[in-house]
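Please open the structure in a viewer and follow the stops below in order. Each stop names what to select and then describes what is found there.

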Amino acid sequence: MLKRYYMELRQLRYFLAVAEELSFTRAAALLHVSQPPVSRQIMLLEAEIGTQLFERSKQYVRLTSAGQHFYDQARALVAAANAAVVSTRRVAAGQVGKISVGLGGTAAHVFPDTLALFRRHHPEVELVLNPLNLAYHHAALLEGRIDVGLVVLPMDNDELETRKLIRMRLLAALPAGHGLATRRKLSLRDLASQDFIMVPWTKGRGFGRLTVQACRRAGFVPNVVQEAEPMESVLGMVAAGAGVAVVPESMEHLYGSKVAYRPIKEDYAAADIAIAWRKGDGSPILRAFLACCPGRSAPRRRGAPG
């Protein structure tokens, strides 16, 4: 069985100082200590190793052949210890590591500036971008598949913390040439008799549930003739004349002249989008990412959309 050797980093640093200065006096001055502790630590180190590391006389101090070999090893050990301290401090500061972010659908429109800022300030952190639609960020966070995502407020889960980022108005999306497209602004009630295209609202916690909730508040249940995802596919079906949809304003640029977007009059036809993360997650990288995000902490309200 190999013998275990016990030595301190302090002893190695003292040894390196003496080896490089070839003087106990100068080494002690360099280390800002008196000479006796340096001499004692070198003697303890030699006793632990079992061989003499220095030849000593009144005229000189020089390394033995064993001391020269140990010098090369000690330099590597101290360098490795210093590197370990530096890298550990960088991990603690959120400068290296990995973070997984939900990025799909609305998140692709909300996060770009944050991601660019984070990459600029933390270039050695690996950003894992998970292409999930917003409706599924909630479950992905709870399951640990992502570290940061987006949710639609209000939210009824105490396992997640949130910070409101943006309030998005909801728009009515109509096929070009639709009779309601002649109006500059619509009420949700104007859509009561229309066929709806919608992202799945019974699974997930995104704009589908929010749309159903808003329609119910307006006094009707939407007639959903087709579900599709992501939101871009919903708008593709609207462009094809399959029905109407209610979408966030971030989608207004899609399909150009084939889709008519109209503001909705009701104030509650809006979505409060928040960044979300697992409660109690003290990751330094998470803190660094949140520091790159705009917004203030959102008050937690009970009762999710839908």
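A disulfide is counted where two cysteine sulfur atoms lie within 2.5 Å of each other. In this predicted model, a search of the whole structure finds 0 disulfides. Select C292 to see one such case: the nearest cysteine sulfur belongs to C293 and is 6.9 Å away. C292 is buried, with a relative accessible area of 11%. Another cysteine to select is C215, which is buried at 0% relative accessibility.

Next, select helix α1 (residues 9–21) together with helix α2 (residues 24–31). Their axes come within 8 Å and cross at roughly 130 degrees, so the two helices are oblique to each other. The crossing of α1 and α2 is right-handed. To display the contact, select R13, Y14, A17, V18 and E21 in α1, which meet F24, R26, A27, L30 and L31 in α2. These contact residues comprise 7 nonpolar, no polar and 3 charged.

The remaining stops concern the backbone. Most residues other than glycine have a negative phi, and most peptide bonds are trans.

Move to H32, in the loop between α2 and α3 (35–49). H32 is not a glycine, yet its phi is positive, at about 60 degrees; the residue is exposed, with a relative accessible area of 73%. Then select Y255, in the loop between β9 (245–248) and β10 (259–263). Its phi is also positive, at about 70 degrees, and Y255 is partly exposed at 38% relative accessibility.

Where are the cis peptide bonds to be found? One joins L153 and P154, with omega about 0 degrees; P154 lies in the loop between β5 (149–153) and β6 (160–175). Another joins E229 and P230, with omega about 5 degrees, and P230 lies in the loop between β8 (223–227) and α9 (231–239).

How values were computed:
Residues are numbered from 1 along each chain as its sequence is written. This is a predicted model: local features need pLDDT of at least 70, side-chain atom pairs count only at pLDDT 80 or more; totals for chains, interfaces and linings use all residues. Side-chain values use heavy atoms; hydrogens and water are left out. Axes are lines fitted to C-alpha atoms, for helices over the stretch in contact, and angles run from 0 to 180 degrees between N-to-C directions. Helices (H or I, at least four residues) and strands (E, at least two) are DSSP runs, numbered from the N terminus. Angles under 35 degrees count as roughly parallel, over 145 as roughly antiparallel, 65 to 115 as roughly perpendicular and the rest as oblique. A crossing is left-handed if the near helix is turned anticlockwise from the far one by less than a right angle, and right-handed if clockwise. Contact means heavy atoms within 4.5 Å. Ala, Val, Leu, Ile, Met, Phe, Trp, Tyr, Cys and Pro count as nonpolar, Asp, Glu, Lys and Arg as charged, and the others, Gly among them, as polar. Buried means under 20% relative accessible area, exposed over 50%, partly exposed in between (1.4 Å probe, protein chains only).
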